[in-house]
Number of protein chains: 4
Amino acid sequence: MPGTPPTRFVYLGPEGTFAEQALRTVPAAEHGTRTPARSVPEALENVRSGDADAALVPLENSIGGVVGVTLDELAEGEPLLITREVVLPVDFVLAARTATPLTSVRAVAAHPQASTQCRRWLRTYLPDAVVVDVLSNGAAAAGAATGEYDAAICAPIGAARHRLAVMADKIADHPDAVTRFALVSRPGPPPPATGDDLTSLAVYIAHDRVGALLSVLMELAVRGVNLTRIESRPTGEALGRYVFFLDCAGHVADARLGEALQGLRRVCADVRFLGSYPRHRWTATDEDRPVPAPAGLSDADYTDAAAWLARLRTGE
Amino acid sequence: MPGTPPTRFVYLGPEGTFAEQALRTVPAAEHGTRTPARSVPEALENVRSGDADAALVPLENSIGGVVGVTLDELAEGEPLLITREVVLPVDFVLAARTATPLTSVRAVAAHPQASTQCRRWLRTYLPDAVVVDVLSNGAAAAGAATGEYDAAICAPIGAARHRLAVMADKIADHPDAVTRFALVSRPGPPPPATGDDLTSLAVYIAHDRVGALLSVLMELAVRGVNLTRIESRPTGEALGRYVFFLDCAGHVADARLGEALQGLRRVCADVRFLGSYPRHRWTATDEDRPVPAPAGLSDADYTDAAAWLARLRTGE
Amino acid sequence: MPGTPPTRFVYLGPEGTFAEQALRTVPAAEHGTRTPARSVPEALENVRSGDADAALVPLENSIGGVVGVTLDELAEGEPLLITREVVLPVDFVLAARTATPLTSVRAVAAHPQASTQCRRWLRTYLPDAVVVDVLSNGAAAAGAATGEYDAAICAPIGAARHRLAVMADKIADHPDAVTRFALVSRPGPPPPATGDDLTSLAVYIAHDRVGALLSVLMELAVRGVNLTRIESRPTGEALGRYVFFLDCAGHVADARLGEALQGLRRVCADVRFLGSYPRHRWTATDEDRPVPAPAGLSDADYTDAAAWLARLRTGE
Amino acid sequence: MPGTPPTRFVYLGPEGTFAEQALRTVPAAEHGTRTPARSVPEALENVRSGDADAALVPLENSIGGVVGVTLDELAEGEPLLITREVVLPVDFVLAARTATPLTSVRAVAAHPQASTQCRRWLRTYLPDAVVVDVLSNGAAAAGAATGEYDAAICAPIGAARHRLAVMADKIADHPDAVTRFALVSRPGPPPPATGDDLTSLAVYIAHDRVGALLSVLMELAVRGVNLTRIESRPTGEALGRYVFFLDCAGHVADARLGEALQGLRRVCADVRFLGSYPRHRWTATDEDRPVPAPAGLSDADYTDAAAWLARLRTGE
């Protein structure tokens with residue numbers, strides 16, 4: 001029912017990964033059901049089919065890799081809407097059934113992307129251990145819990161869920177690395193503007209037009225709309241045919257973003273609106289505070305200009 | 001009274017110049033009064049004060065010089081509106097009280113700009129004649145009529161009005177040179193769009209902003225609005241502070257020109273709308289035929305994009 | 001030794017994946033050694049350390065995921081150079097130890113990204129089979145070879161290497177999907193220009209500059225340099241600090257690309273040149289044939305303009 | 001002889017006008033000959049033919065009108081070079097043979113543009129006087145000297161030369177209005193860069209190219225070159241075919257201006273270099289002090305980028 005808050009949540013599983021940890025930061029999810037999905041497509045199909053109200057899936061992360069699937073799924077099939085972003089520090093821990101000296105660790109289970117992220121730490125502290133590839137951070141934690149491996153590289157929530165002892169935390173090479181997740185629902189009114197929002201778009205560009213991307217950026221620049229992310233993705237047909245995923249500062253309800261969206265709609269082969277939602281803020285003193293609308297680009301400036309044009313047209 | 005067609009016309013005098021000739025091409029002027037003014041400011045003040053309904057003044061010409069005054073007058077004081085442009089070939093003639101062999105012409109009266117335009121002809125056909133500067137083409141014709149000078153360089157209408165014999169016509173060095181005039185009225189609804197219109201603007205740019213002109217052009221380019229003329233003029237305060245006079249293809253009633261105008265209104269220090277009016281056409285096969293709206297920039301495209309945005313905002 | 005052709009090749013393993021298949025298309029690799037590496041970082045470190053002459057790693061693919069690691073590795077650490085791109089159709093097959101009717105297949109081993117790419121086919125032809133996630137396409141083929149699974153989704157080379165019977169080929173949902181690989185060496189002179197080349201760059205943009213990406217694109221557009229790919233990647237420090245990976249049409253030896261590179265070098269926080277190399281061509285009639293330099297942007301035009309400027313400066 | 005300082009000067013006459021006053025501010029002209037020319041074309045032809053070394057002609061002024069002829073003459077025929085600009089306050093005076101009360105002045109001689117500039121003053125102080133049009137400010141002064149008119153509106157130098165009494169000074173309506181003149185020579189090395197220079201160009205744009213002017217401005221903007229003036233002029237063939245006169249901040253010897261010039265040379269139908277010369281400075285504390293090269297656009301940045309590109313190309 002439109003307007004009803006979501007109660008049935010899915011997330012990219014298995015249990016005990018960063019995605020579950022991210023979902024736990026969404027207040028409504030604490031009171032609803034939280035079901036792991038086997039893949040991003042499966043999670044999103046649960047929402048499309050109505051079996052779930054919202055899905056928490058990774059959008060972008062320092063580990064790489066999963067983003068593509070999410071973006072492709074959002075760009076194709078029945079439209080879905082991002083209603084919230086969750087940004088989580090990539091906070092790997094080394095965990096084991098019981099705490100033991102590092103020197104006794106011979107086999108460490110890890111997702112290949114996790115061990116890549118902790119390469120420097122592994123080289124320094126576990127130079128002689130064998131790293132065994134497993135399919136997810138959750139599977140690594142589970143393997144350590146059964147004793148199959150001496151230890152696991154996993155998310156804090158994975159250690160907690162499997163009652164593992166944390167032997168070392170913050171072991172990722174980039175201490176500030178984060179992962180960004182999206183909470184995705186079926187189409188409906190976007191959440192209200194907060195003054196510090198992001199808008200996500202999938203923009204299709206005709207293949208053979210030189211300077212097409214420049215045109216897209218000019219549509220944004222002329223309305224003072226700042227880009228915070230851009231990805232070109234093959235459309236799946238062949239390399240060379242692209243869709244651009246853009247994250248823009250602002251909300252679809254803002255006058256200037258609205259005009260920019262109309263401009264993209266007119267000049268691009270296709271534009272899919274993926275949602276407007278509050279930007280993640282770490283703290284109130286976040287240095288990345290919202291850039292106020294440049295001179296002449298506030299909603300009031302738009303209203304004034306529209307009234308002026310109306311006067312010119314009628315001659316009054 | 002608004003809506004009443006103009007009947008009282010003024011034009012840049014004196015009688016017998018190109019301005020009068022241009023006014024005679026305006027159908028309504030044939031049935032109204034036609035009064036010469038001593039200067040462009042005087043002609044426009046007659047309209048502002050209500051003593052005349054419309055003024056015919058030069059905007060731009062191959063001879064140069066007069067444009068500046070007209071532009072400055074339109075940009076300052078009470079607003080006025082260009083409702084029509086008239087483009088006239090610069091068609092100088094050599095005329096005299098009676099036709100005589102060229103060898104007997106010793107003194108030719110000419111406005112300095114007219115003799116400059118006919119320099120090559122004078123050098124070839126009247127190498128020994130003295131050219132006497134006079135204050136206007138009309139004054140030259142008048143001087144030939146009184147016999148004060150052997151001949152005059154003047155407009156065809158000047159020769160006709162003073163019953164002079166035309167001894168040589170089309171004597172200007174550039175056979176295709178033209179002069180462009182504007183018919184100017186008090187503010188009111190612009191004439192309806194014809195599909196091939198021009199819009200004139202005076203755009204003020206803050207002095208200290210690097211790239212300000214580029215911003216102006218990007219506002220136009222993003223909406224596919226083509227410039228047919230641009231002039232920077234000192235604002236009269238000092239060199240270095242400028243107003244730009246722009247002629248844009250399109251009509252204020254067009255969606256894309258309307259959006260571009262709103263953009264200029266927002267980002268420029270000031271914008272004065274000087275009118276939308278049909279572009280002068282020489283013939284139906286004119287090679288400068290109107291450029292159709294680029295893909296995505298027609299009124300229908302604007303309507304579609306606005307409806308799409310409304311759907312996004314409400315989530316329907 | 002500089003100038004010596006590479007003889008020791010590494011590729012992203014394990015054996016029997018698309019990366020090995022791609023390496024086999026490189027003529028020199030047929031006569032050299034071909035060693036699988038456990039990860040992209042390991043493959044590239046082999047080259048950096050001198051243990052290998054060249055590495056074949058995935059750059060971009062319809063499957064997604066691996067790209068990020070490769071790009072990050074190329075952007076950081078000791079510089080490396082892409083000297084060749086290899087584009088391979090994503091041509092998944094279903095293979096088994098012996099050919100059996102599809103109805104007898106109960107367990108299929110597949111890398112999660114491979115099963116995602118073949119979802120439609122699996123739903124249609126193996127609706128009741130269980131898909132077991134494994135760590136690579138090569139591991140899937142190996143598992144089918146040992147009989148651990150009834151069948152595997154793998155690359156043709158994986159089936160061949162493990163002497164599997166191909167029960168179905170071209171089972172990917174997007175028949176035209178491809179993967180793009182890079183052959184990477186230590187720095188040195190780029191391969192000579194062919195008239196149809198690509199240049200890859202990593203461009204760092206100061207975080208707090210509105211419109212910075214537009215500036216980058218304008219540097220390219222003004223020199224008529226077309227972008228074929230753009231990716232923004234977090235720098236690893238935090239989300240919001242980005243490096244852009246650009247693929248541009250043209251060769252570093254081209255005048256216009258050279259000028260554009262210098263422009264990027266001047267206006268960006270940093271630019272890393274990742275290589276100029278021949279663009280992959282499918283056939284001689286490839287519809288994506290090279291766009292000739294736009295008017296005024298050929299090497300000859302650059303030479304002419306430089307000579308003209310020299311004359312202006314000396315006054316000769 | 002190249003390198004010889006000019007000694008024979010011409011200026012737009014007649015004697016006693018602002019042009020003569022401007023020439024007197026050029027040190028070399030004090031020791032050389034100063035000859036009035038009847039028109040801008042005549043002055044420039046004297047330089048082209050070698051009869052004079054340099055000509056002082058008006059470029060731009062608040063009075064309007066003369067600019068066009070100068071620009072057209074510089075853009076056509078044998079090339080000439082602007083080597084210096086002179087900016088003069090428009091400082092009209094009312095002068096007469098003998099000082100008399102204003103109430104006794106009935107006829108005032110004035111060039112029409114001069115009386116236009118002093119309209120407000122005339123309306124206030126000489127509401128009943130008749131203004132008689134004459135052909136130049138110099139002619140007005142001469143007419144007052146002979147007693148043909150009671151007074152003249154003229155330049156201070158005109159009053160001095162004709163030994164007139166100045167009855168009122170600074171009578172122009174815009175107290176800060178100025179006129180800008182150019183000192184023009186035959187082609188040769190431009191004067192050395194001073195760090196605060198202007199470069200003048202005539203740029204021809206193909207008629208039928210939408211967005212051509214935007215391309216020109218982008219060539220400048222990408223190199224951080226600021227425009228201080230832009231004029232579109234009909235080419236003399238017909239309206240609609242334009243040449244743009246640009247004044248750019250910077251010197252042809254500057255790296256970034258040089259690169260921008262080469263860009264214009266490549267993308268425009270034609271570019272004529274009209275000279276690089278020191279910008280006029282009123283005082284050392286002039287608020288319009290030169291904008292330093294934006295980040296990345298200094299000569300040193302260009303040198304660094306060129307060296308970097310050379311390294312990329314050779315692989316060293």
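This is a short tour of a predicted model, stop by stop, for you to follow in your viewer.

Before you click, note that residues count from 1 along each chain as its sequence is written, and that chains are lettered from A and ligands numbered from 1 in the order in which they are written. Because the model is predicted, local features need pLDDT of at least 70 and side-chain atom pairs count only at pLDDT 80 or more, while totals for chains, interfaces and linings use all residues; side-chain values use heavy atoms, with hydrogens and water left out.

**Stop 1: chain A**

Of its 316 residues, 57% count as buried (buried is under 20% relative accessible area, exposed over 50%, partly exposed in between, using a 1.4 Å probe and protein chains only).

Now colour three pieces: domain 1 (1-88 + 180-185), domain 2 (93-169) and domain 3 (190-316). These bounds come from an automatic or database domain assignment.

**Stop 2: where domains 1 and 2 of chain A meet**

The C-alpha centres of these two domains lie 26 Å apart. Twelve residues of domain 1 and eleven residues of domain 2 make up the contact (heavy atoms within 4.5 Å). Together the two domains bury about 1,000 Å², 59% of it on carbon and sulfur atoms; that is the accessible area (1.4 Å probe) that two parts lose on being put together, summed over both.

Zoom in on A:Glu15 and A:Arg161, a salt bridge with its closest N and O atoms 3.0 Å apart (a side-chain nitrogen of Lys or Arg within 4 Å of a carboxyl oxygen of Asp or Glu). The count between these two domains is two salt bridges.

**Stop 3: a buried pair in chain A**

Show the side chains of A:Asp247 and A:Arg180, which meet in a salt bridge at 2.8 Å, N to O. A:Asp247 is in strand 13 (residues 242-249) and A:Arg180 in strand 10 (residues 178-185), so the pair ties together parts 67 residues apart in sequence. Are these two buried or exposed? Both A:Asp247 and A:Arg180 are buried.

**Stop 4: from chain D to chain B**

Pick D:Arg119 and B:Glu73, whose salt bridge has its closest N and O atoms 2.9 Å apart. D:Arg119 lies in helix 6 (residues 119-125) of chain D and B:Glu73 in helix 4 (residues 67-75) of chain B, so this pair joins two chains. D:Arg119 is partly exposed at 26% relative accessibility, whereas B:Glu73 is buried, at 14%.

**Stop 5: chain D against chain C**

Hide everything but chains C and D. Each side brings 34 residues to the contact, and the two chains bury about 3,000 Å² between them, 61% of it on carbon and sulfur atoms. On the chain D side, D:Arg265, D:Arg266 and D:Trp308 lose the most area to chain C, together 24% of what that side buries.

How many salt bridges cross here? The rule finds six. One of them links C:Asp304 to D:Arg265, with the closest N and O atoms 3.0 Å apart.

Next, highlight the elements of chain D that give two or more residues to this side: helix 9 (212-222), helix 10 (255-267), strand 14 (270-278) and helix 11 (299-314). Helix 11 gives the most, with eleven residues.

**Last stop: a network**

Finally, select A:Glu219, A:Arg223, A:Glu259 and A:Arg266, plus B:Glu219, B:Arg223, B:Glu259 and B:Arg266: they are linked in a network of salt bridges.

Terms used. Helices (H or I, at least four residues) and strands (E, at least two) are DSSP runs, numbered from the N terminus.
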